[in-house]
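Colleague: I would like a close look at one helix and its surroundings. Please go through it step by step.

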Amino acid sequence: MRDIKTILSESKTIVVFGLSAKTERASHTVAQYLLRAGYTIIPVNPGQTEILGQKCYKSLEEIPGDIQVDIVDVFRKSEDTPPIAKAAVAIGAKCLWLQLGIENKESLAIARDAGLDYVEDKCIKIEHSNANL
């Protein structure tokens, strides 16, 4: 598994799974930060069509197959993450990232068994800032 700095420096496209349209939510703040940092953001939220000027998808499977997803950054409850991990594997993502406070052993096993990098219980915005990228 690559270290966090390597994951972040080699990634270009980040799915923000559970991205909220509400500006006060952590997912929104993180996605804005990632956009400013130069990443391509793909929102996944079944209740929205666009967030932060980006087309929003209802699921990972809806993302066009010609888009290489580097990181699936998850803002969902820990118990909701195994199906997301399976979908991340299915779309060929390189890394499954569970945000601060989110941990799941089954999701870890799914990601690791498929060869994905895996990060849990860490904020991608904080880690990016700390990595000085």
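Which residue follows H2, and what is its phi?

Modeller: Gly-38 follows H2, and its phi is positive, near 100 degrees. Helices here are DSSP runs of H or I with at least four residues, strands are runs of E with at least two, and both are numbered from the N terminus. This is a predicted model, where local features need pLDDT of at least 70 and side-chain atom pairs count only at pLDDT 80 or more, while totals for chains, interfaces and linings use all residues. Residues are numbered from 1 along each chain as its sequence is written, and side-chain values use heavy atoms, without hydrogens and water.

Start with H2 itself. Its buried residues are Ser-27, His-28, Val-30, Ala-31, Tyr-33 and Leu-34. Buried means under 20% relative accessible area, exposed means over 50%, and partly exposed lies in between (1.4 Å probe, protein chains only). Among the elements covering these H2 residues are E1, E2, strand E3 (50-51), E5 and H5.

Now take H5 as the partner. The axes of H2 (residues 26-36) and H5 (residues 124-131) come within 9 Å and cross at roughly 35 degrees. Axes are lines fitted to C-alpha atoms, for helices over the stretch in contact, with angles from 0 to 180 degrees between N-to-C directions. From H2, Thr-29, Val-30, Tyr-33 and Leu-34 meet Ile-124, Lys-125, His-128 and Ser-129 of H5. Contact means heavy atoms within 4.5 Å. By class, this H2 and H5 contact has four nonpolar, three polar and one charged residues. Nonpolar covers Ala, Val, Leu, Ile, Met, Phe, Trp, Tyr, Cys and Pro; charged covers Asp, Glu, Lys and Arg; the others, Gly among them, are polar.

Asp-121 lies between strand E7 (117-119) and H5. Its phi is positive, near 55 degrees, though Asp-121 is not a glycine. Asp-121 counts as partly exposed, because its relative accessibility is 30%. Leu-52 also has a positive phi, about 55 degrees, without being a glycine. Leu-52 sits in the loop between E3 and strand E4 (54-55). At 26% relative accessibility, Leu-52 is partly exposed.

H3 gives the most, with four residues. A nonpolar core is a set of buried Ala, Val, Leu, Ile, Met, Phe, Trp, Tyr and Cys residues joined through side-chain atoms within 4.5 Å. This core has 22 residues; Val-15, Phe-17, Leu-60, Ile-63, Val-72 and Leu-96 touch the most other members. Leaving aside neighbours within four places in sequence, Phe-17 contacts Val-44, Leu-60, Val-72, Asp-73, Val-74, Phe-75, Arg-76 and Ile-84. A second, separate core of 21 residues includes Ile-4, Leu-8, Val-16 and Phe-75.

Finally, compare H3. Its buried residues are Thr-81, Pro-82, Ile-84, Ala-85, Ala-87 and Ala-88. Their cover includes strand E1 (13-17), strand E5 (71-74), strand E6 (95-98) and helix H4 (105-113). After H3 comes Gly-92, with a positive phi near 80 degrees.
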